[in-house]
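Me: I have a protein model open and would like to go through it step by step. Could we begin with what the terms for surface exposure mean?

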Amino acid sequence: MIIRTFETPDETAAAVAQRVVRALAEKPALVVGLPTGQTPIATYAELRRRHAAGEVDFARATTFNLDEFAGIPPSHPGSFRMFMERHLFQGINLAPARTHFLDGTAPDLDVECERYEAAIGAAGGIDLLLAGIGANGHIGFNEPGDTLSARTHRVALAASTRRHNAALFGGDPADVPREALSMGIGTMLKAGAIVLVATGAHKAACIERAVHGPVTTRLPASFLQLHRHVELYLDAAAASRLGPR
Ligand code: F6R
């Protein structure tokens with residue numbers, strides 16, 4: 001794993017944005033995997049700023065979001081599609097037809113997961129996958145457990161994940177859907193390059209385990225050790241248990 005550390009969350013976000021800008025300059029028709037959550041908000045703001053400055057063009061890019069809540073229509077303010085509209089898509093020139101999401105209201109969620117796998121394949125696979133990490137070690141919505149699904153699948157959300165996402169649903173964790181759809185670990189590991197971003201002291205322990213611990217379904221991010229090109233972008237707090245820089 002390539003580990004890059006920065007003093008602050010803002011410096012980390014600027015560096016991640018620069019990584020995306022560089023990838024798009026090298027390959028304008030880039031296929032990108034995108035996370036939601038608190039961590040990428042600053043990166044997305046920086047990408048909007050750089051697009052407004054004429055420094056990055058998304059016209060030929062394609063995106064696939066990592067996950068979506070089950071039972072939540074795309075127009076719901078808590079949906080990840082709406083999150084992406086607010087934080088990124090409204091400020092850049094991505095073609096709406098090339099932004100892809102799992103549909104949590106599809107009549108058959110298992111069929112929907114297979115549709116998504118096929119769509120990723122039809123796009124030629126993901127070139128650059130951006131990911132965050134949950135404090136419990138999840139990536140996408142692949143939660144810790146006895147087993148992990150390799151392909152895109154339905155997932156029962158951990159109580160901590162529902163608490164963490166409560167703000168999207170008015171603040172009460174009880175209103176957060178119990179289920180979601182997520183790219184599988186195998187789907188993610190097929191990406192050409194994976195950029196995992198983590199900031200804050202609350203991520204230090206899971207980052208340490210993801211980098212130095214055993215590969216285990218109890219910490220899904222540990223599976224990134226199996227990929228040949230993973231870059232970790234960390235602020236000093238998230239990197240604090242990795243040893244001296
Ligand atoms: C969401 C996703 C999650 C988040 C993780 C960290 O699309 O993929 O794995 O990246 O829950 O969330 P934050 O950034 O809010 O700490």
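This is a predicted model: local features need pLDDT of at least 70, side-chain atom pairs count only at pLDDT 80 or more; totals for chains, interfaces and linings use all residues.

Me: Okay, so is Arg 178 buried or exposed?

Reply: Arg 178 has a relative accessible area of 61%. Exposed means over 50%, so Arg 178 is exposed.

Me: Where is Arg 178 found?

Reply: Arg 178 lies in the loop that links α5 (159–164) with β8 (179–182).

Me: And which residues does Arg 178 touch, not counting residues up to four places away in sequence?

Reply: Its contacts of that kind are Val 155, Ala 156, Leu 157 and Arg 162. Taking Val 155 as one case, 23 residues separate it from Arg 178 in sequence, while the C-alpha atoms of the two are 8.6 Å apart in space.

Me: Switching to the strands. Which residues of β3 are buried on each side?

Reply: Strand β3 covers residues 62–65. Thr 62 and Phe 64 are buried on one side, and Thr 63 and Asn 65 are buried on the other, which leaves both faces of the strand covered.

Me: In what sense do β2 and β3 pair?

Reply: Strand β2 (residues 31–34) pairs with β3 in the parallel sense, over four bridges. Within this pairing, Gly 33 is placed opposite Phe 64 of β3. To get from β2 to β3, the chain passes through helix α2 (residues 39–52), and this β-α-β crossover is right-handed.

Me: How many bridges join β3 to β5?

Reply: Two bridges connect β3 with β5 (residues 99–100), and these strands also run parallel. Here Phe 64 stands opposite His 100 in β5.

Me: What share of the residues counts as buried?

Reply: Of the 245 residues, 52% count as buried. The accessible surface comes to about 10,400 Å², and carbon and sulfur atoms account for 53% of it.

Me: Last one: what share of the contacts joins residues at least 24 apart?

Reply: Among contacts between residues at least 6 apart in sequence, the share is 78%.

Key
Residues are numbered from 1 along each chain as its sequence is written. Side-chain values use heavy atoms; hydrogens and water are left out. Buried means under 20% relative accessible area, exposed over 50%, partly exposed in between (1.4 Å probe, protein chains only). Contact means heavy atoms within 4.5 Å. Two strands pair if DSSP finds at least two bridges between them. A crossover is right-handed if, with the strands pointing away from the viewer, the path from the first strand over the helix to the second runs clockwise. Accessible areas come from the Shrake-Rupley method with a 1.4 Å probe; for residues, only the protein chains shown count as cover.
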